[in-house]
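I opened a new page in the notebook for this structure.

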Amino acid sequence: MEIKKHQIIAKNLLIMICVFVAAILVCSVLSNYLDASNPFAVSIFILAVVLIARFTDGYLYGVVASGISVFCVNYMFTYPFWEFNMSISGYPPTFAVMLLVSLIVSTLTTQIKKQEQLRYEMEKEKMRGNLLRSVSHDIRTPLTSILGASSLLMQDSALSEYERKDLLKEINKDAQWLVRITENILSVTKFTGEGVSLKKDSEAIEEILGSAIAKFRKSYGSIPISVSKPDKVLLVDMDATLIEQVLINLFENVVIHGETATRIDVKIVCEDDRVIFSIDDDGAGFPPQVLPHAFDGYIHGNSKSPSDDRRDMGIGLSVCQSIIRAHGGNISARNNEHGGASICFWLPYEDHDDEY
């Protein structure tokens, strides 16, 4: 903790020094062209204060920068040069106003940063609250089902072989669902924590998509998936495991909520600096009241029966949004005119072919 604090202080001091060095160099160059009379020095150093206040932590650095700016303008860029002189007529009010403006700008900039941080913290708390609601809703039903089926297997010896297998299949299905829910919970927890950093490598889209489809088919082998993609190999910087999880979650969303879906169409398009993924289906689509909250983390009320409540994908879609945004992209959902739903997301892309 102490090391981290020292690193933050060193970073803030480095920012302050670099900004002031840049301001002094710019003012020196302008002074050479303006016969040492530099009317822009005050504005340049006020800008320096704004930058320091914006990119450092807390009020202290902006306030200190305000005092240093007044000194630099008076000492280096006001006649008599290289002397600190506040007695010349008109100078004291000018520097007092400069100090006041610098302090106000520094204070306002710091307050804006704090408001942004507060908004970010509120969003994180909102996601945590949504997660807790979804977890309590999603886990209770499959656990109750597993407990009931296992108790029946242990207590009722008169069950037929077919009935026993049917109960075991239900236990297995609920257990798999709990595993996927747990994986999604861990992902949401990771992306709402502090110091999140992705380990990104250049990965071929075809390999990630193929792996996601293969894993999806182990659980849902009956629904066909068609893929449309560019002919060339697309290498995208990503965390392969997380993007694979996004694709699996979106495929599962079609099966669980698409209801009447008979196919999944995956389209990949490369546009300048981004790669766009579109997952379309011909199912029931999103209910109009659910669509605006598809990625909030608590989709409920789309199930036909209470036993289907565990098939909620609120966490899954919330996880998808967190992962995609952490990669610098975005995700959206809509209902298609011809029926079914379409979920699109994009990732930043750099065409490495241009380097050769």
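The entries below go from the whole chain to the sheet, then to the salt bridges and the cysteines.

**Entry 1: ground rules**

I am working with a predicted model, in which local features need pLDDT of at least 70 and side-chain atom pairs count only at pLDDT 80 or more, while totals for chains, interfaces and linings use all residues. Residues are numbered from 1 along each chain as its sequence is written, and side-chain values use heavy atoms, with hydrogens and water left out.

**Entry 2: the whole chain**

I looked up the secondary structure and found 8 helices and 7 strands in the protein chain. Helices (H or I, at least four residues) and strands (E, at least two) are DSSP runs, numbered from the N terminus. Of the 356 residues, 40% count as buried. Buried means under 20% relative accessible area, exposed over 50%, and partly exposed in between (1.4 Å probe, protein chains only).

The accessible surface comes to about 20000 Å², and 60% of it belongs to carbon and sulfur atoms. These areas come from the Shrake-Rupley method with a 1.4 Å probe; for residues, only the protein chains shown count as cover.

I also looked up contacts, meaning heavy atoms within 4.5 Å. Among contacts between residues at least 6 apart in sequence, 72% join residues at least 24 apart.

**Entry 3: the sheet**

In which order do the 5 strands of the open sheet stand? I read the order as β2-β4-β5-β7-β6, with mixed pairing. At the edges stand β2 (225–228) and β6 (330–335); each has a single partner strand, so one side of each is left without a neighbour in the sheet. From one strand to the next, the twist averages 15°.

Helix α6 (residues 205–219) packs on this sheet and touches β2, β4 (264–271) and β5. The direction of α6 makes about 175° with that of β2. For such angles, axes are lines fitted to C-alpha atoms, for helices over the stretch in contact, and angles run from 0 to 180 degrees between N-to-C directions.

**Entry 4: strand by strand**

I noted the general rule that strands of a sheet pair through backbone hydrogen bonds, either parallel or antiparallel. Two strands count as paired if DSSP finds at least two bridges between them.

I started with β2 and β4, which pair in the parallel sense over 4 bridges. Here Val 227 has Val 266 in β4 as its bridge partner. Val 266 in turn has Ile 279 in β5 as a bridge partner.

β4 and β5 run antiparallel and are joined by 8 bridges. These two strands form a hairpin with 2 residues between them, and Asp 272 in the turn has a positive phi of about 50°.

Next, I found 7 bridges between β5 (residues 274–281) and β7 (residues 341–348), which also run antiparallel. Arg 274 stands opposite Pro 348 in β7.

**Entry 5: salt bridges**

How many salt bridges does the structure hold? I found 4, taking a salt bridge as a side-chain nitrogen of Lys or Arg within 4 Å of a carboxyl oxygen of Asp or Glu.

One of them joins the side chains of Glu 244 and Lys 215 (2.5 Å, N to O). Glu 244 is in helix α7 (residues 240–257) and Lys 215 in helix α6, 29 residues apart. Glu 244 is buried at 12% relative accessibility, whereas Lys 215 is partly exposed at 44%.

Another joins Arg 263 and Asp 282 (3.2 Å, N to O). Arg 263 lies in the loop between α7 and β4 and Asp 282 in the loop between β5 and α8 (314–326), so the pair ties together parts 19 residues apart in sequence. Arg 263 is partly exposed at 34%, and Asp 282 is partly exposed at 22%. I also noted that Arg 263, Asp 265 and Asp 282 are linked in a network of salt bridges.

Asp 280 and Lys 267 form a salt bridge too, with the closest N and O atoms 3.9 Å apart. Asp 280 is in β5 and Lys 267 in β4, so the pair ties together parts 13 residues apart in sequence. Asp 280 is buried at 11%, and Lys 267 is partly exposed at 42%.

**Entry 6: cysteines**

I searched the whole structure for disulfides and found 0. A disulfide is a pair of cysteine sulfur atoms within 2.5 Å.

Cys 72 is buried, with a relative accessible area of 8%. Cys 18 counts as partly exposed at 45%.
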